[in-house]
Number of protein chains: 2
Amino acid sequence: MREISGRELPDMARGAAVLGTGGGGDPYVGRLLAEEAVRRHGPVRLVAVDEVPDDAVVVPTAFMGAPTVLVEKVPSGTETTRALRMVEELIGRRATHTVSIEAGGLNSMIPVAAAAELGLPLIDADGMGRAFPELQMLLPTLGGVAASPMALADERGNTLGLRAVDNGWAERLARTVTVEMGCSAGISLYVLTGRQVKDHLVRGTMTLCERLGRAIRQATDAHTDPVRAAADILSGRLVFTGKVTDVRRRTEGGFARGEALLDGLGDHAGHGMELAFQNEHLVARRDGGVVVSVPDLICVLDTDSGAPVTTEALRYGMRVSVVGAPCDERWRTPEGLALAGPAYFGYDHVYVPV
Amino acid sequence: MREISGRELPDMARGAAVLGTGGGGDPYVGRLLAEEAVRRHGPVRLVAVDEVPDDAVVVPTAFMGAPTVLVEKVPSGTETTRALRMVEELIGRRATHTVSIEAGGLNSMIPVAAAAELGLPLIDADGMGRAFPELQMLLPTLGGVAASPMALADERGNTLGLRAVDNGWAERLARTVTVEMGCSAGISLYVLTGRQVKDHLVRGTMTLCERLGRAIRQATDAHTDPVRAAADILSGRLVFTGKVTDVRRRTEGGFARGEALLDGLGDHAGHGMELAFQNEHLVARRDGGVVVSVPDLICVLDTDSGAPVTTEALRYGMRVSVVGAPCDERWRTPEGLALAGPAYFGYDHVYVPV
């Protein structure tokens with residue numbers, strides 16, 4: 001157990017946004033929410049997965065919606081705590097811990113804020129080891145854990161609880177409610193026992209986020225290469241460096257979808273890259289051929305500062321580097337690929353691990 | 001208190017469909033559900049409003065959705081009971097009674113079925129004295145009663161609970177969920193105390209439905225005029241008799257919307273009527289001028305048999321009679337008209353009571 005006192009939040013949010021692979025929400029908004037909550041309610045206890053008792057009642061918290069909207073419609077701060085309280089009502093038990101279901105600028109920080117507000121310990125883990133656009137795309141789904149009972153809450157005060165027949169229906173109903181709530185909602189879902197946390201979550205995510213964010217900051221300060229520093233920590237590799245020449249985006253069915261085109265610079269001059277995204281980057285094609293694809297991580301970083309660039313922040317003229325990094329091994333199983341591989345997203349290429 | 005043993009259900013469903021003013025669901029489906037439930041679980045106790053203790057926990061049940069869909073997608077029978085159980089969870093109390101929120105072929109019968117299945121007494125009343133398309137259009141709304149905590153359930157097993165900030169948001173979120181559930185859902189909402197039942201509901205609706213349905217049947221059997229028999233019981237008047245020459249319909253935002261055109265017959269030969277509907281008939285125009293309008297009742301009956309014709313059953317060539325009947329006095333107040341008068345539905349005519 002250690003404490004998150006606030007000082008580590010900028011690094012943690014930066015690292016989380018790298019794992020967010022373009023989605024998982026804006027790191028700046030997430031950091032502000034977590035900082036404000038810690039300032040008001042005091043430090044958050046961060047506990048390792050092994051410290052969690054098997055019979056713990058772990059109730060995750062997150063935000064659902066199009067990141068494009070979350071940038072402009074800042075959460076009020078009560079959405080996730082109200083969602084968690086609704087889940088407690090539906091399960092008839094009080095939460096003993098909270099945890100992140102998704103690494104990402106916002107969705108790693110929301111549970112920090114919720115933990116501070118509710119006085120709950122936060123588990124050093126997450127449910128994906130990255131960000132994914134749909135809520136059934138969680139490692140616990142592979143382990144048979146149900147997303148519901150779940151709850152959604154908006155900034156106006158509307159709160160909604162859901163028992164779905166399966167995680168696909170949980171996604172479908174929650175998505176339609178999120179859209180009606182204005183494309184963003186605080187959510188709480190995937191209630192886990194401590195045993196299930198040990199079996200199904202990715203361990204050490206919050207600590208990894210912090211290390212990653214710190215390495216990027218220190219490399220920038222030392223005028224060494226922050227992109228390489230990030231790639232090293234992720235056991236990934238640089239697949240492209242270039243300039244953004246076009247971004248096509250649309251908010252569709254509650255998702256931010258689109259494509260970004262890059263023109264190569266330096267070693268990559270004369271080559272082109274296309275990034276396709278749905279909240280997160282899904283596929284990176286170099287000169288038309290797939291080089292990185294879901295479920296592996298496609299991390300887009302500002303070439304100079306190493307700052308992670310979310311899909312909604314991508315703009316013409318930005319100089320960015322694209323890092324491909326391996327996903328959690330469980331995503332590479334047939335079941336993992338069926339849940340969040342290329343075919344699920346409508347692509348016909350065969351997944352080749354980074 | 002008296003018992004609904006099953007024999008009275010055909011009359012009751014027929015009368016309810018007259019009060020349903022074209023909406024409130026198909027009387028045949030409603031009758032089948034209620035008959036089946038009574039056959040399986042035994043008679044239902046029907047209690048008068050004055051028999052309900054002030055501290056009773058009254059949890060209404062209904063179906064939400066486009067009637068067009070309900071005709072084809074017959075409820076499984078567990079939707080409303082699951083919705084009521086979810087409301088009980090949200091309020092932390094058990095229901096002592098159920099009641100209809102809306103008179104209509106389906107929505108008067110659903111509470112009969114729910115009462116049989118749950119072993120609850122049914123109150124002889126409803127929340128509108130007619131049917132209306134949106135769930136905030138209830139007399140209890142005028143009395144400040146909240147629609148939520150409410151719940152929705154579909155035939156697959158998905159169940160959803162909702163605490164909305166106001167009845168408008170309850171309608172908005174419930175409607176979007178209903179559409180995603182396939183345009184129909186069992187619902188439970190507007191939890192009332194016995195005191196509120198006495199203050200805000202329309203008394204004696206189930207008994208009125210039965211009288212109305214019986215009068216129509218007896219008039220048909222006796223070869224007297226069933227339309228006049230219905231109009232007399234409703235203190236209404238015949239405003240048109242004609243033949244349906246055109247029906248335009250569309251399912252839009254979870255509603256069945258459209259217009260029906262009639263060519264006059266008999267005394268009305270040479271004249272035309274247009275009926276505009278949104279689940280229910282909203283406005284009846286004769287030769288272009290409004291003759292009956294919400295919140296008053298526009299009841300369309302088969303001219304020969306007096307059988308109520310729902311908006312989704314209207315077909316070219318049908319010979320129908322249109323009866324205008326006065327609504328509950330509370331709908332005629334400024335607050336009542338603001339909630340369910342012509343202006344709310346986008347019409348600019350002034351309401352002139354029947």
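Two strands pair if DSSP finds at least two bridges between them. With that in hand, let us look at some close-ups of this predicted model.

**View 1. Strands β1(B) and β2(B) run antiparallel, side by side.** Strand β1(B) is joined to β2 (residues 44-47) of chain B by 3 bridges. To find your place, look for B:R2, which stands opposite B:L46 in β2(B). Now widen the view to the open sheet of 3 strands, whose order is β1-β2-β5 in chain B and whose pairing is mixed. At the edges are β1 (2-4) and β5 (122-123) of chain B, each pairing on one side only. Strands of a sheet pair through backbone hydrogen bonds, either parallel or antiparallel.

**View 2. Strand β4(B) is covered on both faces.** Is this strand buried or exposed? Strand β4 (residues 61-65) of chain B is mostly covered, with 5 of its 5 residues buried. On one side you will find B:T61, B:F63 and B:G65, and on the other B:A62 and B:M64. The partner of β4(B) here is β9 (residues 184-188) of chain B, which pairs with it in the antiparallel sense over 5 bridges. One handy landmark is B:T61, which has B:S188 of β9(B) opposite.

**View 3. Chain A meets chain B.** Here 16 residues of chain A are in contact with 16 residues of chain B. On the chain A side, the elements giving two or more residues are β8 (159-163) and α7 (167-180). Helix α7(A) provides the largest share, 6 residues. Look next at the strands: β8(A) pairs with β8 (residues 159-163) of chain B in the antiparallel sense, over 5 bridges. In this pairing, A:T159 stands opposite B:R163.

**View 4. Helix α9(A) and the elements it packs against.** Helix α9 (residues 205-221) of chain A has 17 residues. From first C-alpha to last it reaches 24 Å, close to the 24 Å expected at 1.5 Å a residue. Which residues of α9(A) are buried? They are A:T205, A:M206, A:L208, A:C209, A:E210, A:L212, A:G213, A:A215 and A:I216. An α-helix has 3.6 residues a turn, so residues three or four places apart point the same way. The buried residues of α9(A) pack against α1 (9-19), β2 (44-47), β6 (125-126), β11 (202-203) and α10 (226-233) of chain A. Following the helix is A:H223, whose phi is positive, near 55°.

Key. Residues are numbered from 1 along each chain as its sequence is written. Chains are lettered from A and ligands numbered from 1 in the order in which they are written. This is a predicted model: local features need pLDDT of at least 70, side-chain atom pairs count only at pLDDT 80 or more; totals for chains, interfaces and linings use all residues. A residue is buried if 20 or more other C-beta atoms lie within 10 Å of its own, exposed if 12 or fewer, and partly exposed in between; C-beta atoms are placed from the backbone. Helices (H or I, at least four residues) and strands (E, at least two) are DSSP runs, numbered from the N terminus. Two residues are in contact if their C-beta atoms, placed from the backbone, lie within 7 Å. The expected span of a helix is 1.5 Å times one less than its number of residues.
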